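Me: I'm new to this structure and would like to learn how to read it. Could you walk me through a few features?

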Amino acid sequence: MRQVVRENGRRSPVVFDPSRYRCMTLAAELADEWVAYAELTRLSTPSVVTYRNTLRRFTAYADLHSDDASALSLAKDTAELAGLIHQWSRSLITEFAEGSTSPANYCNVLRTLIRFRAERDDAPVASSVQRLVSSPIPVPFGRTDELDEFTRQEKQALIRLAWEQVRVMEGRLGRGRALIASAQGHPADHGWFDPANLLWALDNGTTSFQEIRPWLPRLNEAPPVLIEIVRRGGGRPSGRMFRFQLMVALAALLYPRREDLQAFRLLLVAATGHAPEELTGVRVGDVEFTPSGVRLTMDKRRAGWVRHRQFDGPGPASHPAKGSLNAPELLRRLLAATEKARAALADTASGSVFLSGSVTIDGKFTVAPFASNSSSSSSFGRWVAGRGLSVSQPVDIRRMRKSVKVEKAIARRGVVADIADDHTYQTFMGHYAHGTTLHVISGSVVNRAQHRWLNTALHGPVVVDDEAVAGLDDPAAQAALGISLDQAQQIITGQLDMGVTSCRDPFDSPYSKAGELCAVAPLRCLECTHAFILPSNLPQLLLFAQYLERLRLRLSPQHFHTLWGQGHANLKAVLDARKDNEIALARRQIKDQGLTLQLPLAAHAEFDQ
């Protein structure tokens with residue numbers, strides 16, 4: 001048997017008995033590494049159980065498939081053990097549904113323990129086994145169905161529900177303080193049926209729940225004031241359970257309940273956007289209030305990170321009745337609510353911020369931190385359902401964090417560097433960039449790309465008439481057109497002629513990388529702001545217009561508009577601005593000189609098949 005420590009500090013046995021297996025030596029070696037690794041890395045209880053289950057699976061497999069299981073050992077350099085590890089890893093695939101992540105997880109756990117042992121000088125590991133565990137695992141990692149965020153309406157409803165719970169708790173604790181202030185003294189001297197005397201004795205430690213239990217009345221003997229306390233505490237008075245119900249109600253007047261912590265946990269996740277287990281693991285020493293808000297030190301064990309985060313409040317402290325997502329104010333109210341619970345612990349300074357008090361049916365009272373484990377998701381679902389709120393499945397508090405991420409994605413317009421602030425890019429893209437988040441990011445990226453393209457290309461070319469061409473030598477004209485003296489001379493002499501138009505700089509195209517020759521000229525010149533249309537370009541423009549008209553007959557209207565709509569509109573506007581005699585002169589020039597349209601071969605190959 002091996003024992004591990006739970007997150008709340010209490011010891012609870014998680015059992016693995018090597019003597020039950022024929023490969024007892026191997027089982028004991030792995031069990032020793034399991035205990036050492038769990039204590040060194042402070043594994044959570046669910047993780048400790050996963051490691052234990054891995055040992056059970058592998059040792060049972062080794063017993064069944066080894067010719068001499070009793071001789072198996074990590075220290076013996078035999079081919080059998082490495083072969084068993086590989087075969088067991090492959091066999092896991094048949095035990096789970098297709099796409100399950102469990103085979104890879106179990107395989108990784110076993111390899112982690114073996115690698116952990118290999119790092120020590122006093123615990124030899126066979127070289128064949130070391131080579132195996134250093135290679136990639138032979139099973140697929142499977143897939144995980146990522147949680148999507150709550151809808152905005154669901155998020156708002158959950159936040160309202162949590163604030164209602166917080167206000168109910170604060171009102172309940174306030175009634176408890178008022179009763180204590182009105183107490184006459186110890187209930188042995190002033191009456192066991194007075195709730196004020198009972199709370200006074202429990203609060204100052206002069207008596208315990210176990211000591212008052214025999215003195216509490218049964219339902220048929222209880223005065224109305226005690227029955228009312230049970231009712232207001234959420235219980236329905238029952239004859240056989242009345243004493244237990246009364247103790248629970250009295251404890252709730254002194255300490256927060258677990259459901260109260262659920263409300264604070266939900267609100268802090270919504271206010272900070274951090275993982276639930278990070279927030280519930282915060283201790284008093286990790287909270288530092290500053291003039292502008294609060295600074296938290298949070299431990300994210302899964303990632304191995306300890307992080308410091310500053311959360312500023314929107315302004316002065318919120319009014320108690322106001323339900324705002326103000327992280328500093330939430331923590332102040334939580335610390336005030338759990339102050340009495342921390343006082344009941346030996347080490348108040350390092351006590352958890354998330355503490356609740358509970359009493360068992362025999363009167364045993366305990367103060368315990370909120371346990372962030374695998375069962376917390378289901379308890380959150382029960383908390384939501386128990387208050388009559390219906391939201392989409394699964395009812396998992398991690399979806400609230402994803403809601404915060406989506407809102408941040410919308411606010412930051414899809415910039416991953418800003419959205420993934422507490423993740424690596426890889427983690428964010430793997431766990432968050434899907435569903436609504438992916439749509440927001442994709443939409444923002446497309447919109448930015450379209451906006452850039454529209455700003456640089458779709459305004460069309462600059463049309464220069466004869467008078468403007470004659471004035472290109474003028475520095476003022478060059479400045480107005482955004483060209484240099486050299487560019488003006490090259491345009492005049494035809495050195496920058498791209499076929500249909502001229503270009504101010506073919507090596508600085510918005511359609512190609514800087515320094516490379518424009519890859520789309522002359523087909524896209526009529527959609528580019530770098531293009532200059534000179535009177536000498538008119539014959540080629542008329543030939544290009546005929547080319548586009550032939551394309552209109554071959555392509556559907558939708559297809560033609562998508563590919564050539566902007567260029568065709570710009571071309572039509574340029575030709576409409578020319579005089580009839582200019583058009584006629586250009587047509588005669590085409591006929592007399594036998595001019596043809598100079599297009600890339602790809603343009604003909606695409607349409608002239």
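Reply: Let's begin with burial: a residue is buried under 20% relative accessible area, exposed over 50% and partly exposed in between, using a 1.4 Å probe and protein chains only. Phenylalanine 380 has a relative accessible area of 0%, so phenylalanine 380 is buried. Tryptophan 383 is buried as well, at 3%. Keep in mind that this is a predicted model, where local features need pLDDT of at least 70 and side-chain atom pairs count only at pLDDT 80 or more, while totals for chains, interfaces and linings use all residues. Residues are numbered from 1 along each chain as its sequence is written, and side-chain values use heavy atoms, leaving out hydrogens and water.

Me: How are phenylalanine 380 and tryptophan 383 placed in helix H16?

Reply: Helices (H or I, at least four residues) and strands (E, at least two) are DSSP runs, numbered from the N terminus. Phenylalanine 380 and tryptophan 383 are three residues apart in helix H16, which means about one helical turn separates them.

Me: What kind of aromatic pair do phenylalanine 380 and tryptophan 383 form?

Reply: Rings of Phe, Tyr and Trp (its six-membered ring) pair if their centres lie within 6.5 Å; planes under 30 degrees apart count as stacked, over 60 as edge-to-face and the rest as tilted. A search of the whole structure finds 14 aromatic pairs. The one between phenylalanine 380 and tryptophan 383 is stacked, at 5.9 Å centre to centre with 25° between the planes.

Me: Which residues is tryptophan 383 in contact with, leaving aside neighbours within four places in sequence?

Reply: Contact means heavy atoms within 4.5 Å. On that basis, tryptophan 383 is in contact with Leu161, Ala162, Gln165, Glu259, Gln262, Ala263 and Leu266.

Me: Is serine 379 buried or exposed?

Reply: Serine 379 counts as buried because its relative accessibility is 11%. Serine 379 is also found in helix H16, which covers residues 375–386. Not counting residues up to four places away in sequence, serine 379 touches Arg258 and Gln262.

Me: Where does the charged end of arginine 258 sit?

Reply: A charge sits over a ring if NZ of Lys or CZ of Arg is within 6 Å of the ring centre and within 35 degrees of the ring normal. Here, the charged end of arginine 258 sits over the ring of phenylalanine 370, 4.3 Å from the ring's centre.
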